[in-house]
Amino acid sequence: MSILQGLRGGIANGVPSGESRDPIGFAVAGLRKLSQSPALDRLGVRKQTEQVVFTVTRSGFKTMAATSRAFKKKGKQGAPGVRVPNAIPKGVFDLTPTEDEQMLVDVVIEFAAEVVRPAAAEADEACAAPDGLLKSSLEIGLPILGVPEELGGISETRSAVAGTLVAEALAKGDLGLAVAALAPGSVATALGLWGTDEQQQTYLPAFTEGSVPAAAFALNEDKVLFDVLSPATTATKTADGFTLNGTKSLVARGAEAELFVVGASLDGKPTLFLVESSTPGITIESEPAMGVRAASLTKLTLTDVKVPATAVLGETDGSTYTEAVRLSRLAWCALSIGVGQAVLDYVTPYVKEREAFGEPIAHRQSVAFMVANIAIELQAMRLVTYKAASRVAQGIDATREIALARKLCADKGMQIGLDGVQLLGGHGFVKEHPVERWYRDLRAIGIMEGTVLV
């Protein structure tokens with residue numbers, strides 16, 4: 001049975017009647033619904049309406065974050081949360097997925113091919129992921145992949161390998177839509193890895209019981225020579241908690257997010273904070289970028305944002321923050337592999353069918369060698385990334401492996417995107433073919449910090 005038969009869109013362009021949506025969310029959802037109406041064709045105003053939708057979602061808003069759902073405090077304050085055990089080492093260098101991991105990846109591969117890829121071009125233009133696609137991504141379990149089974153998730157052991165495989169498979173459909181779909185699960189994974197009992201009991205039920213909130217990591221900043229391990233955003237201690245000030249950039253789905261994980265400097269140490277979007281002092285502004293456009297990237301400004309002492313996620317000595325950065329970089333490596341594979345799969349038949357001077361251009365050594373180099377570099381990226389993920393899953397220090405993977409994937413990923421465009425010649429420069437989008441997306445691998453997490 002096709003996966004499409006099991007992926008129902010639910011309430012199109014809306015939320016359950018018991019939930020609320022911020023003002024810009026209502027506006028965008030209303031415009032999207034209007035743009036899908038057949039009445040526009042009868043009235044002859046479809047083109048004008050679609051232009052309005054594009055303008056609003058791309059660059060048309062700057063708003064104070066509106067009130068989201070009320071997260072009721074539960075659990076024991078200060079008590080440690082539930083942690084999943086590390087994976088059991090196999091004793092040999094074996095990266096073969098388990099049967100359960102392979103089943104999950106197979107589902108995501110089909111989802112990426114049948115749902116994500118067809119929606120990619122339009123989502124890139126609109127700078128927004130279709131609501132139906134996001135709803136479907138929830139139904140296949142993406143948000144709870146890293147959540148402990150005891151808390152309603154599907155993780156029996158550390159799921160770094162499964163997360164890497166899923167990110168790769170999803171990005172083969174489209175990187176921007178992959179980021180949009182994975183962003184909430186990254187926050188849920190962080191709560192599973194570092195959350196206290198109170199934080200897990202307060203927030204994780206929303207991710208595991210159906211009405212999954214949009215949520216996002218916010219580590220990037222728009223500073224020259226930005227160092228992710230030395231954030232300019234600050235956290236100042238107060239009598240009853242902390243006050244956050246600073247600006248975060250390239251935050252996925254920030255306009256609709258109900259929960260943020262924000263990186264800030266506390267007493268000179270980078271620290272993670274849980275910040276609900278209903279907290280006063282948060283301003284959201286659209287920030288469309290060169291690539292990853294379907295993730296609805298935004299700028300998050302925090303002005304005297306007050307959070308309780310219980311908002312700290314993990315340790316305050318910088319160790320949790322540093323681990324989050326590494327796991328994020330591992331996720332971006334996996335995403336780059338998926339896009340790189342899409343490039344290879346697209347250009348290989350193209351160069352065999354495209355003829356010049358009476359023969360396929362694949363007969364030219366320069367072309368054949370370029371395609372072969374893509375395959376070689378892609379396999380190197382895959383192996384070093386999988387090795388890093390395997391060490392993370394086993395609880396073994398993977399600092400070196402993740403650093404190597406990020407360097408390789410950032411450099412070679414961009415080269416693969418460039419070669420893909422080059423191999424298509426003039427066709428690589430036009431939007432009729434997806435390689436120009438993949439090239440733009442692959443430029444993000446060495447730039448983006450946070451957003452997604454393995």
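Which side chain meets that of Glu 168 in a salt bridge? In this predicted model, the partner is Arg 382, with an N to O distance of 3.0 Å. Glu 168 belongs to helix H6 (residues 160-171) and Arg 382 to helix H10 (residues 365-393), so the contact ties together parts that are 214 residues apart in sequence. Both ends of the pair are enclosed: Glu 168 has a relative accessibility of 12% and counts as buried, and Arg 382 is likewise buried, with a relative accessible area of 12%. Each value falls below the 20% under which a residue is classed as buried.

Arg 406 counts as buried at 17% relative accessibility, and Glu 449 counts as buried at 6%.

Glu 125 is partly exposed, at 35% relative accessibility, and Lys 431 is exposed, with a relative accessible area of 54%. Glu 125 and Lys 431 also take part in a network of salt bridges that includes Asp 124, Glu 436 and Arg 440. Across the whole structure, a search finds 18 salt bridges. In general, side chains of opposite charge can pair when their charged atoms come close.

Gly 428 counts as buried, at 2% relative accessibility, whereas Lys 431 is exposed. The C-alpha atoms of Gly 428 and Leu 418 are separated by 9.4 Å, and the two residues are ten apart along the chain.

Helix H4 (residues 99-126) also contains Glu 99. Glu 99 counts as exposed, with a relative accessibility of 64%. On the surface, Glu 99 gathers with Asp 100, Glu 149 and Glu 156 in a patch of negative charge.

Among the strands, E4 (residues 241-252) is largely enclosed by the rest of the structure, because ten of its twelve residues are buried. Strand E3 (residues 234-238) pairs with E4 in the antiparallel sense over five bridges, and Thr 236 is placed opposite Thr 243 of E4. E3 and E4 form a hairpin, with two residues between them. E4 also pairs with strand E8 (residues 297-308), again in the antiparallel sense, over nine bridges. Within this pairing, Leu 244 has Val 305 of E8 as its bridge partner. In a regular strand, the side chains alternate between the two faces of the sheet.

Strand E6 (residues 269-276) is also largely enclosed by the rest of the structure, because seven of its eight residues are buried. Strand E5 (residues 259-266) runs antiparallel to E6 and is joined to E6 by eight bridges, with Val 261 opposite Leu 274 of E6. The hairpin of E5 and E6 has two residues between the strands, and Asp 267 in this hairpin takes a positive phi near 55°.

E6 pairs with E9 as well, in the antiparallel sense and over two bridges. The bridge partner of Phe 273 in E9 is Val 312. Strand E9 (residues 312-313) also contains Leu 313, which counts as buried at 0% relative accessibility. Leu 313 and Thr 271 are 42 residues apart in sequence, and their C-alpha atoms are 7.6 Å apart in space.

Terms used: Residues numbered from 1 in each chain as written. Predicted model: local features only at pLDDT ≥ 70, side-chain atom pairs only at ≥ 80, totals over all residues. Heavy atoms only, no water. Patch = residues over 30% accessible without salt bridge, like charges linked within 9 Å, V, L, I, M, F, W, Y side chains within 5 Å. Areas by Shrake-Rupley, 256 points an atom, 1.4 Å probe, with all protein chains shown as cover. Salt bridge = Lys/Arg side-chain N within 4 Å of Asp/Glu carboxyl O. Lys, Arg positive; Asp, Glu negative; His and termini not counted. Charge placed at Lys NZ, Arg CZ, Asp CG, Glu CD. Helix = DSSP H or I, 4+ residues; strand = E, 2+ residues; numbered from the N terminus. Buried < 20%, exposed > 50% of the residue type's maximum accessible area, 1.4 Å probe, protein only. Pairing = 2+ DSSP bridges.
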